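These are my notebook entries on one protein model.

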Amino acid sequence: MPELPEVEAVRRGIAANLLGKKITAIDLSLPKLIEAPPGMSLDDLVDAHIVDVERRGKYLAIGFPEVVAVLHLKLAGQVVLRDSQGGGFSAGHPVPAFDAELPHKSTHLVFEFEDGSRLYITDIRHFTRLRLMPRDDLAAYWVDTKLGPDTISDDFTLESFRERIKRRKQARIKPLLLDQGFVAGLGNIYVDESLYRAGIHPERKAVDLSVDEVERLYHAIVEILEIAVPIGGAAILNGKATPEHGVFPFIHGREGEPCLNCGTAIIKTRVNNRGTYLCPECQPAHEPASID
Ligand SMILES: [Zn+2]
């Protein structure tokens, strides 16, 4: 599922390749992908050029002079740009393969630009959404999303993380980190990676975490994203980690493989019905030193 690193890869790809470029044609084959207020449609983007692109959490706002198109890739959205010189970028869900022939049968939206490049939005699960709105409405839209601090922004500080955890003491730590209102951008993969790096069991309650553990968790989140963002995200196919980025991801998608720290077999369990990977040695269910 595309999380912050994958959506950030889309943002960087658009920023590097498409700023200032005008859309000349649009092909939509899945109408429900578009959400728009009355009187507004994809036609409003024809002959418009991209002026800016901003990401918050897993939302991407693609700006045009009058309109903003907010993209959310949900479970399986993929964005691929191909230009006439064989360049471009690919990001998001890895199925279909990034080098597959496009449009794929699950390509629902294609933007064609004045220089002949094409941006393909493909989603085998059909949950991706592109919401159109007047530019002036974007600020209010961000407020409505109720997103917590974006985990690679300056708003994500150790102090703010500590304060927010204090307010959510009864929550279990993995569901809390998945809550986009708590922190924005993390999903199932990077939460597992962060908790493993910090040595914290995903089902522990926030209230039981020591001061040191909260600090370790904060730094683990920052470090995991520092690894994942430059490479455009973890390479996981059909729930299994692939060798594309070596040992990264370190735990997600690696059931039965030895833990890199201690050699214990990595287990897969479920937390709030989400497939969850952990090392039973490095991430004990209860902190041994805790006092009940
Ligand atoms: Zn271990």
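I count two strands as paired if DSSP finds at least two bridges between them. Helices (H or I, at least four residues) and strands (E, at least two) are DSSP runs, numbered from the N terminus. The model is predicted: local features need pLDDT of at least 70, side-chain atom pairs count only at pLDDT 80 or more, and totals for chains, interfaces and linings use all residues. Residues are numbered from 1 along each chain as its sequence is written.

Entry on β8. I looked up Val-110 and found it opposite Tyr-120 in β9. Strands β8 and β9 (residues 118–123) run antiparallel, joined by five bridges. They form a hairpin with four residues between them, and Gly-116 in the turn has a positive phi of about 90°. I then noted that β8 (residues 107–113) is also joined antiparallel to β1 (residues 23–28) by five bridges. There, Ile-23 stands opposite Phe-113.

Entry on the open sheet. I found five strands in the order β2-β10-β5-β4-β3, with mixed pairing. The edge strands, each pairing on one side only, are β2 (34–35) and β3 (52–56). I recorded six bridges between the antiparallel strands β5 (residues 67–72) and β10 (residues 129–134). Val-67 stands opposite Pro-134 in β10.

Entry on Ala-69. I took residues as in contact if their C-beta atoms, placed from the backbone, lie within 7 Å. Leaving aside neighbours within four places in sequence, Ala-69 is in contact with Leu-45, Ile-62, Leu-130 and Leu-132.

Methods:
Contact = placed C-beta atoms within 7 Å.
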